[in-house]
Amino acid sequence: MAGMVAILYACGDSANNNNAGTINARASLPDSLKFTALGYKVVTLSINKKLGTMSTLYGNKQALDNAIAGADDVKAGEAFALITWKQQDDDRWFGAKIPGNLQSVEMIKTAADASGKVAIAYTHLEGKNLSPIADTLHNAERIKYIFDQKPSVMP
Amino acid sequence: MSTKNKRPLKTKLLFIVALLGVCFILIQFARPQIDSPPVKADFEAPAEVKNIITRACYDCHSNQTNLRWYDKVQPIYWQVAEHVKDGRKGLNFSNWKNMAPADQKAKLWEAVNQIAEGAMPIKSYTMVHTEAKVPASDLAILKAYLAVMVHSKPADTSKTNALDKQYQKWQKAKTAHTKLPVEPNGIAYIPDYKNWQVISTTERFDNGTMRVIFGNDIAIKAVKEHHINPWPNGTIFAKVAWDQLQDTAGNVKTGAFKQVEYMIKDDHKYASTKGWGFARFKTPKMVPYAAGNALFANECVNCHRPMSNNDFVFTMPVKH
């Protein structure tokens, strides 16, 4: 008996599999977006508990600097990207939610025209394949929402 | 083989067996001490929860260690005594109420996660003490008990004020740190984390925070090439946590900055902590967490242990 117990005690301990070594494929951005190459930085993140979504707002250096400075006017050369996912439960931590299916990517770019007036271009891509959304009904509302975001404190 | 040669061999074997027998008897007298200090601040919970925790955890994680006769036979007893010593050091339910309420809550979520991920109770222990196993029905009871503790409600003014105060300081002071704070293990705060790319984000509804996990160039390349188990040496993660600021419509923004934590991969330099150097800097002042907390290294590794087959990393990377 004691010998058997000793053998059992000597057995290795290992945890569950947890999908070890896997990438979160359903949340990943398509390669065609070439997002990393844009070199954008994190501006802030947000969660919508009613919809069960989470979003990360990115910006280029100019957009982030202007946002931190609290500049009221829109300047030329700013770029934002707001990425939104459906949330999923984190299999590796009861008590956490992580990005699930990729829901949408919204992009803003500002540029000055010949007269020096700053124009704002907004694009809205939706779904896993990021299909362009042509409906412009909510554009003004979304542009205001993105510019209204306050950067997260990152000392 | 002739019969002549058999006798000495048999005698030799008998001698060895006898010698082993004597050794076995002698080592029984080597008794490491497992004491039972008085229980003064025991864990309290509804009976059904307390019963599961007692059955599954108390032999190693309380002062009420209940050893069976077969636990006391050497050489097993040495290992049992070591398990009890380590177990009590990591978490002792007999001292539960000596912890601050927030720490109690965090520890309980961690304990249930250790069970849910199959890291606890230790498999070699449950193979012998089958009654300590936590079946799915018991795990559901534990999870339901935790779920009641989650309060998802709009932020009060104290949280908003905390953010406003931090924000104003941060907005003005762009170079706050002339000398970088350092953890006792030699890892310094890395201010550049905010310019790195993102590995993933998380909402932690167990403790009311939200996080971004950044990765340095080596980490991002490893994700692109799918070489993440193990992660390559030189990988650095920076995990930033903020309070959740929720409005009445259920929209949550980032509140006050809580901390930034680093994991630095170097399987040689950090061999004693599973190949990772761990560091945590709290508040915008970047106060090293391990200063005055000698158990920090153990704390990190123990909590990450359920991910032992995933190079001790919880985050599932999102390709960007």
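Colleague: Where in chain B is B:Pro230 found?

Modeller: B:Pro230 is in the loop between α8 (217-224) and β3 (236-246) of chain B; helices (H or I, at least four residues) and strands (E, at least two) are DSSP runs, numbered from the N terminus. This is a predicted model, where local features need pLDDT of at least 70 and side-chain atom pairs count only at pLDDT 80 or more, while totals for chains, interfaces and linings use all residues. Residues are numbered from 1 along each chain as its sequence is written, chains are lettered from A and ligands numbered from 1 in the order in which they are written, and side-chain values use heavy atoms, with hydrogens and water left out.

Colleague: What kind of peptide bond joins B:Asn229 and B:Pro230?

Modeller: A cis one, with omega about 10 degrees. B:Met120 to B:Pro121 is cis too, with omega near -15 degrees, and B:Pro121 is found in the loop between α4 and α5 (123-128) of chain B. Most peptide bonds are trans.

Colleague: What makes the phi of A:Lys34 worth a look?

Modeller: A:Lys34 is not a glycine, yet its phi is positive, about 45 degrees. You'll find A:Lys34 in the loop between α1 (2-10) and α2 (35-38) of chain A.

Colleague: Does A:Lys34 count as buried or exposed, and why?

Modeller: Buried means under 20% relative accessible area, exposed over 50%, partly exposed in between (1.4 Å probe, protein chains only). A:Lys34 has 58% relative accessibility, so it counts as exposed. B:Asp311, which lies in the segment after α9 of chain B, also has a positive phi, near 55 degrees. B:Asp311 has a relative accessible area of 9%, so it is buried.

Colleague: What covers the buried residues of α4(B)?

Modeller: The cover includes α3 (76-90), α6 (136-149) and α9 (296-304) of chain B, with contact meaning heavy atoms within 4.5 Å. Among the buried residues of α4(B) are B:Leu108, B:Trp109 and B:Ile115.

Colleague: Which residues of α4 in chain A are buried, and why are they said to line one face?

Modeller: In α4(A), residues 139-148, they are A:Asn139, A:Ile143 and A:Ile146. The arc is that of the directions from the helix axis to the C-beta atoms; here it is 65 degrees, so the buried residues of α4(A) line one face of the helix. They pack against β2 (53-59), β3 (79-89), β4 (96-112) and β5 (118-126) of chain A. The face turned away carries the exposed residues A:Ala140, A:Glu141 and A:Lys144.

Colleague: How many residues does each chain give to the contact?

Modeller: Chain B gives 80 residues and chain A gives 60 residues. The area buried between the chains is about 6400 Å², with 61% from carbon and sulfur atoms. Buried area is the accessible area (1.4 Å probe) that two parts lose on being put together, summed over both.
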